[in-house]
Amino acid sequence: MQKSRYSGDRKLLIIGIILIAFNLRPAITAVGPLISTIREDLGISNGMAGMLTTLPLLAFAVLSALAPRLGLRLGNGMAIQAGVAILAFGILVRSFESITTIFTGTALIGIGIAILNVLLPGVVKQAFPLKVGVMTGLYSISMSLFASIGSGVSVPFANTLDSGWQGSLLVWSLLAVLAFIAWLPQKDLQKSVHKVPKMDPANNPLWRSKLAWQVTFFMGLQSFLFYSLIAWLPEILQSRGMDPAASGWMLSWLQIIGLPATFLIPVLAGRLKSQRGIIMGIGIVYLTGMFGMLLGSAMLLLTISISLVGIAQGSCISLALTLLGLRAPNAAQAANLSGMAQSFGYLLAASGPIAIGYLYDYVHSWTPSIVILLAVVCLMLIAGIGAGKDAYVPDNPQAEA
């Protein structure tokens, strides 16, 4: 039986984890409902506007591989503190109206969130080794709740604040500052006095593990779906006659409807040896919802379809995060698997928003994009069935250094 190696105040740690989770998505999801306004103000194409969602994912891909080493060098606590600070600064830079600042700030936001994304599963595995599912569900639902709020309030904030979309995006810096303060008691968490081992990708057992790659593809493909819809669902709905504010709230509903599943799925997954049955069920719900979006034009059918997609989406993100802990034999390897899955996974996901944007620019129809998303659901289902089997990825002796 694994024992916790955390000796601090767990209540303060849980509060810190929740507040960090609040910051993992709204700085990104707030952009989708405003993307047409930003595009018009800056004079950029749909494909270029898609980069506002893609750029953080590219930062996730690059930084996710380095974040576990940063955690070893600084300690997970201090590394997470630095990640929140970078996130807050990026939100500030992005709020200035110029192409340079909006893309620079967006990149910094991606760097900050990447560090937090990768290191939180290791913190959970270290402090709550017997409650990985419950704790992952708690921070997943916290993350998803504020992701949905970010989508819903963006347009109202932009319409209310004198600074328009810049002020609407800047609001989220306040939440990052609050998380920075709440995490201060954890700044010395898991500090290591050992030398950080050199990176040796050629001899990394994770890279040779079929299970690790299945977890990685499941993470990447569900992220491809999530961020593609976050970026373009409002535009899809506006093309069918919905006004911008309503389409923003529909994007918010996409995320809100999945909140119960976001919490319950990790709890259920943590109690089962194999998660394959859960993944099959999620796949059926996802496919049904996507077919409804493809074939439907009536608002009632679209609402039902988006609800089904939201339930599946909420299940996928929390299950993907749970698998990072369940498929790893220890906290250090959970961080390594998290780094691999989020690095390669988000590199795959990064192609989603920009590809969908350029495809629409070329064909002037959203139907081919929805067909592509349907195909991605099928590929995710295949990867998930492999990732859900009862097994551990191979351990890395260097990870314990």
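Leu170 is a residue of helix α9, which covers residues 164-170; helices (H or I, at least four residues) and strands (E, at least two) are DSSP runs numbered from the N terminus. The model is predicted: local features need pLDDT of at least 70, side-chain atom pairs count only at pLDDT 80 or more, and totals for chains, interfaces and linings use all residues. Residues are numbered from 1 along each chain as its sequence is written, and side-chain values use heavy atoms, with hydrogens and water left out.

**Surface patch at Leu170**

- Leu170 has a relative accessible area of 31% and is therefore partly exposed; buried means under 20%, exposed over 50%, and partly exposed in between (1.4 Å probe, protein chains only).
- Together with Phe89, Leu92 and Phe96, Leu170 makes a nonpolar surface patch of about 370 Å².
- Patches are made of residues with over 30% relative accessible area and no salt bridge, like charges being joined within 9 Å and nonpolar side chains (Val, Leu, Ile, Met, Phe, Trp, Tyr) within 5 Å.
- A salt bridge is a side-chain nitrogen of Lys or Arg within 4 Å of a carboxyl oxygen of Asp or Glu.

**Overall fold and surface**

- The chain contains 17 helices and 0 strands.
- The C-alpha trace spans about 55 × 45 × 40 Å along its principal axes.
- Of the 401 residues, 60% are buried.
- Carbon and sulfur atoms hold 69% of the accessible surface of about 15200 Å², computed by the Shrake-Rupley method with a 1.4 Å probe; for residues, only the protein chains shown count as cover.
- Among contacts (heavy atoms within 4.5 Å) with a separation of 6 or more, 85% join residues 24 or more positions apart.

**A buried serine**

- Ser343 belongs to helix α16 (residues 331-363).
- Because its relative accessible area is 9%, Ser343 is classed as buried.
- Not counting residues up to four places away in sequence, Ser343 touches Phe60, Ala61, Ser64 and Ala65.

**Confidence**

- The mean pLDDT of the chain is 85, and 93% of the residues score at least 70; pLDDT is the predictor's confidence in each residue, from 0 to 100.
- Among the elements, helix α10 (residues 172-183) has the highest mean pLDDT (95) and helix α4 (residues 46-64) the lowest (80).
- Residues 193-197 have a pLDDT below 50, and this stretch has 9 contacts in the model beyond near neighbours in sequence.
- Residues 397-401 stay under 50 in pLDDT, with 13 contacts beyond four places in sequence.
- Where pLDDT is low, the predicted coordinates should not be read in detail.
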